[in-house]
Amino acid sequence: MLIVGVAAVLIVAIVLVARQEQDAGTDVLAGSRMDASTLPVTVPVRAVAGALIIDVTLGDGGRTVPMVLDTGAPTIVSERVADVFTDGSAGSVAITSSRGEVFTNQVVRLPELSIGGARFSDVGAVVGSLEPGNPFFCLTETGFLGASLLQTGAWHLDPRSSTLTIAASVQDLPVAEDAWRLDFERASDVSPSPLVELAAGSGTVRVLLDTGADTWLALSPADFE
């Protein structure tokens with residue numbers, strides 16, 4: 001009975017530690033800060049194989065690398081970036097894949113990151129594998145700028161001019177007066193990706209606005225029905 005009791009206590013302790021690490025990881029992802037004095041800025045965007053690529057500088061005056069702009073995921077960096085530009089793990093989070101699989105990933109904090117002069121600090125990011133064989137490896141060996149960073153300000157993507165404008169507020173963006181405005185809800189605390197509701201037939205359907213997906217519109221079989 002004593003062995004069983006000790007095992008039970010140990011299991012509870014492990015669960016609590018894992019929960020605390022995931023809470024810390026979520027806080028780190030949400031803790032990214034933007035220097036409003038460096039805004040607004042407008043940077044070029046390259047469309048490559050259906051993905052949107054922008055140049056990002058890691059570190060204080062460090063290396064400029066291509067990253068995928070991905071509103072459908074949290075910010076993700078490769079293991080090599082985490083090794084060079086961070087102080088190691090700052091927690092962990094549970095990530096659900098598009099197939100419904102759940103993985104636990106380490107979270108790190110990038111002290112400095114800049115995009116065309118716009119400066120960000122304490123940027124939280126999930127560590128992911130970007131090795132040869134990964135379909136995104138040919139686009140970026142660095143990672144993805146995701147919704148966890150985009151929530152720090154207002155971002156305007158203009159496909160016509162292939163530019164991205166970053167501002168402190170919507171009022172500072174070059175948005176047309178007759179532009180549509182859609183209310184959205186956040187998909188999760190880990191990845192506050194925008195979920196919007198659209199009219200479809202006699203009902204509605206909720207879709208994820210995902211700049212990282214090379215598709216016009218993807219619906220589940222249940223939504224089709």
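Visitor: How many helices and strands are there in the chain?

Guide: This is a predicted model, and its chain holds four helices and 15 strands. There are 225 residues, and 38% of them count as buried.

Visitor: What tells you how confident the predictor is in the chain?

Guide: That's the pLDDT, a score from 0 to 100. The chain averages 82, and 84% of the residues score at least 70.

Visitor: Why is leucine 149 called buried?

Guide: Buried means under 20% relative accessible area. Leucine 149 comes in at 0%, so it counts as buried. You'll find this leucine in helix H3, residues 147–150.

Visitor: What is leucine 149 in contact with, leaving aside its neighbours within four places in sequence?

Guide: Ser32, Thr75, Leu113, Phe120, Val123 and Trp155. Take Ser32: it sits 117 residues from leucine 149 along the chain, yet their C-alpha atoms are separated by 6.3 Å.

Visitor: How do you know which residues have the most contacts inside the largest nonpolar core?

Guide: A contact is a pair of heavy atoms within 4.5 Å. In this core of 30 residues, the ones with the most contacts are Leu113, Ile115, Phe120, Leu145 and Ile166. Several elements give two or more residues to the core, including strand S8 (102–115), strand S9 (118–128) and H3. The largest share, five residues, comes from S9.

Visitor: Which residues is leucine 113 in contact with, again leaving aside neighbours within four places in sequence?

Guide: Among them are Val56, Leu58, Phe120, Val123, Leu145 and Leu149.

Visitor: What makes threonine 86 buried?

Guide: The cut-off again: under 20% is buried. Threonine 86 has a relative accessible area of 10%, so it is buried. This threonine is found in the loop between H2 and strand S7 (91–96). Not counting residues up to four places away in sequence, threonine 86 touches Val81, Val108, Arg109 and Leu110.

Visitor: Why are S13 and S15 called edge strands?

Guide: Start with the sheet: three strands form an open sheet in the order S13-S14-S15, with antiparallel pairing. Strand S13 (185–186) and strand S15 (203–208) each pair on one side only, and they are the edge strands.

Visitor: What makes strand S14 and S15 a pair?

Guide: At least two bridges are needed for strands to pair. Strand S14 (residues 194–200) and S15 have six bridges, so they pair, in the antiparallel sense. Alanine 199 stands opposite threonine 204 in S15.

Conventions:
Residues are numbered from 1 along each chain as its sequence is written. This is a predicted model: local features need pLDDT of at least 70, side-chain atom pairs count only at pLDDT 80 or more; totals for chains, interfaces and linings use all residues. Side-chain values use heavy atoms; hydrogens and water are left out. Buried means under 20% relative accessible area, exposed over 50%, partly exposed in between (1.4 Å probe, protein chains only). A nonpolar core is a set of buried Ala, Val, Leu, Ile, Met, Phe, Trp, Tyr and Cys residues joined through side-chain atoms within 4.5 Å.
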